[in-house]
There are 2 protein chains.
Amino acid sequence: MPRTMDRDARKAQLAEAVWQVILDQGISAVSVRTVAEHAGVVVGSLRHVFPTRSELVQFSAELMMERVTERLLTATPHDDSREYAFAKIKNVLPLDPDTRAEYEVNLALLAERAAVPGLLQVRLDAHHQLAKLCVRLVEILTGQAGTPAVTSRAHRLHALVDGLAFHLFHQPVDGDTTWALDIIWSEVSTIAADANSGEISH
Amino acid sequence: MPRTMDRDARKAQLAEAVWQVILDQGISAVSVRTVAEHAGVVVGSLRHVFPTRSELVQFSAELMMERVTERLLTATPHDDSREYAFAKIKNVLPLDPDTRAEYEVNLALLAERAAVPGLLQVRLDAHHQLAKLCVRLVEILTGQAGTPAVTSRAHRLHALVDGLAFHLFHQPVDGDTTWALDIIWSEVSTIAADANSGEISH
DNA sequence: AGCAGCGTAGCACGACTGTGCTAGTATGTG
DNA sequence: CACATACTAGCACAGTCGTGCTACGCTGCT
């Protein structure tokens, strides 16, 4: 065998170059050439790892989702279930420049799904994963599971999270974010409180 | 003067061709040639109206927003303020194929803003307009105006609307949408009810 | 030492891009 | 009728695109 390299690391390096190009010049500027140049490799090398542009773009999307999932799985223990839920949700909102970039790349890849069909599945996976997280959080907060009230609450929480993400993305990077956190905290509290007082539905 | 045509109609025709191309092949397929072909005109004619691609894309975005605004302004009188608010919100959600397409084009143009800077302003305008609508609805529902509680409620409603739009977009065209409408209705009811019982905050 | 083969480097090709430019055509106004 | 001109039509050019392809060098196993 001749010299071999860490393929996964190389793929990650190229995926990160894709993200950078998206942030700098938008998704339409993502070509095998621009990405290769950004990553400091020649086109031939990039194409040795990703034979086509589609594979490059799709892997970039998958790795991005994988990274987010990883971050979500890192344990954030809290004695109070409300603070636990709050911390988890803060993890998926574009609150700092890094997560904002993440969100922006996500939107760009969503818009590219007409050109790279595989992106649709990636996007759907991400969506369902967030949905499942919301269900879990509601279950923890209410102490119930599987009831219609839980799924309803989870739906609502999910919508709120996605909506807030969209809003945060629309305001300047250094803008005030406390209002969004307030909304999340109040929602989390409401879910917990309603469960304790027995009235959940509506 | 030589023969003249309805310039606005021609511009609208071209903008609609842009939307169609976005829906069919994604934003990256939007070129002066593809759009001209879709509109049934030659490139020269298109460029007589829109000298550059940027102007074409930007106008398409502006016209789209204009159309939405127009639809929003058409009076939908209701004796009950809750039903009025509900109807208004239904107007901005991607519930049928047409409004879904609208939403998709919106997202695509959002992703293209790195290439066409003017799109950022268009998107921001749309966002602020929806925010203003939410404030107005909350004012109508609560009978108050200008209080912190109103802006807080409006923020929350706005986030919920954007989040639900995102969710509806992720499910199949013929999917069940009643759950989203239920959430909206319950939120509208809650806003109205809390205002009557005096407790608004949180 | 030799060699198989991974990874690097880059040329070539046809297609497509945005935009500058010119020529022709039809039509409303004088 | 004449003419100015809005509009149509299309060529040209330089650039970028994705991808097929070959050639070379280094490396690690036999």
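The legends below describe close-up views of a predicted model with chains A and B. Residues are numbered from 1 along each chain as its sequence is written, and chains are lettered from A in the order in which they are written. Local features need pLDDT of at least 70 and side-chain atom pairs count only at pLDDT 80 or more, while totals for chains, interfaces and linings use all residues; side-chain values use heavy atoms, with hydrogens and water left out.

**View 1. The fold of chain A.** Chain A has nine helices and zero strands. Helices (H or I, at least four residues) and strands (E, at least two) are DSSP runs, numbered from the N terminus. Read from the N terminus, the elements run α-α-α-α-α-α-α-α-α. The C-alpha trace of chain A spans about 65 × 40 × 30 Å along its principal axes. Of its 202 residues, 50% count as buried; buried means under 20% relative accessible area, exposed over 50%, and partly exposed in between (1.4 Å probe, protein chains only). Among contacts in chain A with a separation of 6 or more, 66% join residues 24 or more positions apart, where contact means heavy atoms within 4.5 Å.

**View 2. The contact of chain A with chain B.** Chain A contributes 33 residues to the contact and chain B contributes 33 residues. The size of an interface is often given as the accessible area lost when the parts come together. Here the two chains bury about 3100 Å² between them, with 65% of it on carbon and sulfur atoms; buried area is the accessible area (1.4 Å probe) that two parts lose on being put together, summed over both. On the chain A side, A:Arg156, A:His167 and A:His170 lose the most area to chain B, together 20% of what that side buries.

**View 3. Aromatic pairs in the two chains.** The whole structure contains six aromatic pairs over all chains. Rings of Phe, Tyr and Trp (its six-membered ring) pair if their centres lie within 6.5 Å; planes under 30 degrees apart count as stacked, over 60 as edge-to-face and the rest as tilted. One of the pairs is A:Tyr103 with A:Phe169, which is tilted, at 5.3 Å centre to centre and 55° between the planes. This pair links distant parts of the chain, with A:Tyr103 in helix 6 (residues 97-111) and A:Phe169 in helix 8 (residues 148-170) of chain A, 66 residues apart. Both A:Tyr103 and A:Phe169 are buried. In chain B, the ring centres of B:Phe86 and B:Trp185 are 5.2 Å apart and their planes are at 85°, so this pair is edge-to-face. B:Phe86 belongs to helix 5 (residues 81-90) and B:Trp185 to helix 9 (residues 178-197) of chain B, 99 residues apart. B:Phe86 is buried, with a relative accessible area of 17%, whereas B:Trp185 is partly exposed at 26%.

View 4. On a 1 Å grid over the protein atoms alone, a cavity is a set of points where a 1.4 Å probe fits but cannot get out, and lining residues have an atom within 4 Å of a point. Grid points are joined across faces, edges and corners, and a volume is the space filled by probe spheres set on the points. The largest cavity is lined by 29 residues, and B:Val68, B:Asn106, B:Arg123, B:Ala126 and B:Leu130 lie nearest its centre. Helix 4 (53-73), helix 6 (97-111), helix 7 (118-142) and helix 8 (148-170) of chain B are the elements that give two or more residues to this lining. The lining divides into 19 nonpolar, five polar and five charged residues; Ala, Val, Leu, Ile, Met, Phe, Trp, Tyr, Cys and Pro count as nonpolar, Asp, Glu, Lys and Arg as charged, and the others, Gly among them, as polar.

**View 5. The second largest cavity, in chain A.** The second largest cavity has a volume of about 400 Å³. Of its 23 lining residues, A:Val68, A:Val92, A:Asn106, A:Arg123 and A:Leu130 are the closest to its centre. Helix 4 of chain A gives the most to this lining, with six residues. The lining consists of 14 nonpolar, five polar and four charged residues.

**View 6. The surroundings of B:Cys134.** B:Cys134 lies in helix 7 of chain B and counts as buried at 2% relative accessibility. Not counting residues up to four places away in sequence, B:Cys134 touches B:Ala154, B:Leu157 and B:His158. The C-alpha atoms of B:Cys134 and B:His158 are separated by 5.9 Å.

Conventions. On a 1 Å grid over the protein atoms alone, a cavity is a set of points where a 1.4 Å probe fits but cannot get out, and a pocket is an open set with protein on both sides within 12 Å along at least five of seven lines; lining residues have an atom within 4 Å of a point.
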